[in-house]
Amino acid sequence: MRRSSPLLRQILRGAASSSSSSVGRRSVTYMPRPGDGAPRPVTLIPGDGIGPLVTGAVRRVMEAMHAPVYFETYEVRGDMTTVPPDVIESIRRNKVCLKGGLATPVGGGVSSLNMQLRKELDLYASLVHCFNLPGLPTRHENVNIVVIRENTEGEYSGLEHEVVPGVVESLKVITKFCSERIAKYAFEYAYLNNRKKVTAVHKANIMKLADGLFLESCREVATKYPGIKYNEIIVDNCCMQLVSKPEQFDVMVTPNLYGNLVANTAAGIAGGTGVMPGGNVGQDHAVFEQGASAGNVGNEKLVEQKKANPVALLLSSAMMLRHLQFPSFADRLVTAVNRVIAEGKYRTKDLGGSSTTQEVVDAVIANLD
Amino acid sequence: MQLVSKPEQFDVMVTPNLYGNLVANTAAGIAGGTGVMPGGNVGQDHAVFEQGASAGNVGNEKIVEQKKANPVALLLSSAMMLRHLQFPSFADRLETAVRRVIAEGKYRTKDLGGSSTTQEVVDAVIAKLD
């Protein structure tokens, strides 16, 4: 039997993009084990600021899809002194958590709850995926960067003291242990996701010992992955390159602080922190949340007007669905979100529109297969 | 009869043992042949992947002699296996390469109307890997 050439072209197009953006392509190559469809519990922390708005969005879409997840919700606010122990207990039990956002107060000696969570659960890798969304043109095309950031030490070690009044020492701790495992995670991520290059970001010309140790660990791990290109870039040059030629970057591995900056910059050039997904992962647990959150979480006006962008957390929850091994639900969610963005009718303020969170969620639900 | 006249009405079909054998081979036949359909067997604890349907293939002496068996079915089944092992990116690459080779139409075994050997098809798939 002959296939008509339009059909052939569609098959080729569908085959060329390994994401499920082609309409009507049924993926039949998953063979689940009996019982894989049993609902899985996920700890949910709405948090504060825009957190409850965007986690509410995820709940509604999950319900609309009848996704096999159910949420155990816990109240945590950014101004608490510690993360309540029953929340930690729940995450330890469920292994997977979805977090809206926890605003960290500036100064005041209150240690960030986000950091507490990461250290307590040893979520040593933070991952942010920054990419152009179809239908959302930005100044740069072909951005597809994954920033893998060390999440537990570095400049966020929380070790500061006043030596004498007016003189503060802040300790940045870099260990071989943490540098090695983040490098391993980055290369393993690249290997498992068919990525071609890993770039280490550093400032070892100044911090010769600290960043030097980080680089050393990256170089060692790189030798074990000869099929993946490895290069290094100083962080100031990196920032400049990100805003001029971001398509040169693929996977980036960074210590804590640089990762925060690089991830938010990369998110900004590719569409904004309102749309980029990400999460934190360690050996035993995973906490999914917006990839980058600068300018979002504590923004009062967005909360009042209920105009926070739910896309980032929706895409992160799709990552969570894949993590839980529900790829078909993840595909449906991502497809629906992509359609809404491409259509352009329902966009929140950060994307140039004026829709509310609710309107975007309704559109996503309407676009579900 | 419906399978051979209006197969698009069917989606997932659950059958007892014998009917499943017949229905699967018929469905495979109308959609491209048993040389290309993937499949497997799964239980609570284990999974065995193999060609989806195998009527007219497995025992065929001539194909063995001439080394002209169609590898596509088992390649696609191994992609299912890769997903089962949670290596989706590798599964995607494999499927994409196989689809490209089939779509291009240059290297096809006899059951697909061509005259290539197994080796030629495999070389083509490898050449098309991302």
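## Basis and confidence

Local features need pLDDT of at least 70, side-chain atom pairs count only at pLDDT 80 or more, and totals for chains, interfaces and linings use all residues. Residues are numbered from 1 along each chain as its sequence is written, chains are lettered from A and ligands numbered from 1 in the order in which they are written, and side-chain values use heavy atoms, without hydrogens and water.

Residues 1-24 of chain A fall below 50. Beyond near neighbours in sequence, that stretch has 20 contacts (heavy atoms within 4.5 Å) in the model. Where pLDDT is low, the predicted coordinates should not be read in detail.

## Helices α2 and α11

In chain A, helix α2 (residues 51-65) packs with helix α11 (residues 327-343) at about 120 degrees. Their axes are 11 Å apart.

From α2(A), Val61(A), Met62(A) and Met65(A) make the contact. Phe329(A), Arg332(A) and Leu333(A) meet them from α11(A).

## Aromatic pairs

Over all chains there are six aromatic pairs (ring centres within 6.5 Å). One of them joins Tyr191(A) and Tyr225(A), 6.2 Å centre to centre. Their planes stand 55 degrees apart, a tilted pair; under 30 degrees would be stacked, over 60 edge-to-face.

Tyr191(A) lies in helix α5 (residues 176-192) of chain A, and Tyr225(A) in the loop between α6 (210-223) and β9 (229-234), so the pair ties together parts 34 residues apart in sequence.

Key:
Axes are lines fitted to C-alpha atoms, for helices over the stretch in contact, and angles run from 0 to 180 degrees between N-to-C directions. Helices (H or I, at least four residues) and strands (E, at least two) are DSSP runs, numbered from the N terminus. pLDDT is the predictor's confidence in each residue, from 0 to 100.
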